[in-house]
Amino acid sequence: MRVVDLAGHPDLLDAALDLGDVGGQFIYQGASGRMITGERFLRHWARYFLIALDDDGTPMARALAVPLAYPAPDRTELPDHGWDQAIEWAAQEVMDGRAPNALCALEVVIAPHLRGTGLSAPMLKAVKARAAETGLRKLIVSVRPIGKEAEPAVPMPEYAARRRPDGLSADRWLRTHERLGARVVKVCPFAVTLAGSLADWHDWTGVKLQDGENFVPGGIAPVYASTAYDTATYVEPNVWLEHPM
């Protein structure tokens, strides 16, 4: 496996994006998700769009991260709004010309036929190495636990607290981070917030929502809908982890 970045290989953008997504693809319909387009990564964060290639030069995996300022005088704690807030901070740095000092990983996506083969850990290591190479002092991640999709009704604090007998997290994705030395900082209860009409949600998920609590494919929390107001809202919790540098 060889890891390259979008800065050196802009021609690989489409092929890397064609690897698909993992979990709730509908989260990319929110304001934050629409902000992190491939074109914006190419313009602003190309060194942090990493692509793993096989021996034939075919993309096997991608990892996306954004540089931001944390900690900072006005940012002393990781935000409760997790993934959404990290993307907002990174965009603010670009607009304000503020120098970043940390890297926030946003996603690691493996080619469907290679999932479960152990590529996630090397990709996380590559993200961590890129942070160090570019002078950033922290690697933080608003983690979406992969096993939570099977238990969307379970509160995140309860889910994240589950441990195996060896002390590692019961969740496979959290456990991957922990094996690389990451520590759990806290649950971020509003990591991804997304609202839309009932028609929007049908387009995004294929589900016709009913009044009240709904569960949709790829979701790790309920979607709350009101047919009277023709609106539905999803608030997804994540878990903040920090990797040692």
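**Note on aromatic pairs and pockets**

1. Eight aromatic pairs are counted in this predicted model. One of them joins Phe-41 and Trp-45: the ring centres lie 5.2 Å apart and the planes stand at 70°, so the pair is edge-to-face, the threshold for that class being over 60 degrees.

2. Both partners of this pair are buried. Phe-41 has 0% relative accessibility and therefore counts as buried; Trp-45, at 4%, also counts as buried. The cut-off for this class is under 20%.

3. Elsewhere, a single aromatic cluster is made up of Phe-26, Trp-201, Trp-204 and Tyr-234.

4. Phe-41 also belongs to the lining of the second largest pocket, together with Leu-17, Gly-20, Asp-21, Tyr-28, Ile-36, Thr-37, Gly-38, Phe-49, Arg-62, Leu-64 and Glu-107. Two elements, α3 (38-44) and β3 (59-68), each give two or more residues to this lining. By class, the lining has six nonpolar, three polar and three charged residues. The space in this pocket is about 160 Å³.

5. The largest pocket holds about 660 Å³ of space. Its lining consists of 36 residues, and those nearest the centre are Val-22, Val-108, Ser-120, Ile-146 and Trp-173.

6. At least two lining residues of the largest pocket come from each of β4 (102-110), α5 (120-133), β5 (138-143), α7 (172-179) and β9 (231-243). Of these, β4 provides the largest share, with six residues.

Note on methods. Residues are numbered from 1 along each chain as its sequence is written. This is a predicted model: local features need pLDDT of at least 70, side-chain atom pairs count only at pLDDT 80 or more; totals for chains, interfaces and linings use all residues. Side-chain values use heavy atoms; hydrogens and water are left out. On a 1 Å grid over the protein atoms alone, a cavity is a set of points where a 1.4 Å probe fits but cannot get out, and a pocket is an open set with protein on both sides within 12 Å along at least five of seven lines; lining residues have an atom within 4 Å of a point. Grid points are joined across faces, edges and corners, and a volume is the space filled by probe spheres set on the points. Helices (H or I, at least four residues) and strands (E, at least two) are DSSP runs, numbered from the N terminus. Ala, Val, Leu, Ile, Met, Phe, Trp, Tyr, Cys and Pro count as nonpolar, Asp, Glu, Lys and Arg as charged, and the others, Gly among them, as polar. Rings of Phe, Tyr and Trp (its six-membered ring) pair if their centres lie within 6.5 Å; planes under 30 degrees apart count as stacked, over 60 as edge-to-face and the rest as tilted. Buried means under 20% relative accessible area, exposed over 50%, partly exposed in between (1.4 Å probe, protein chains only).
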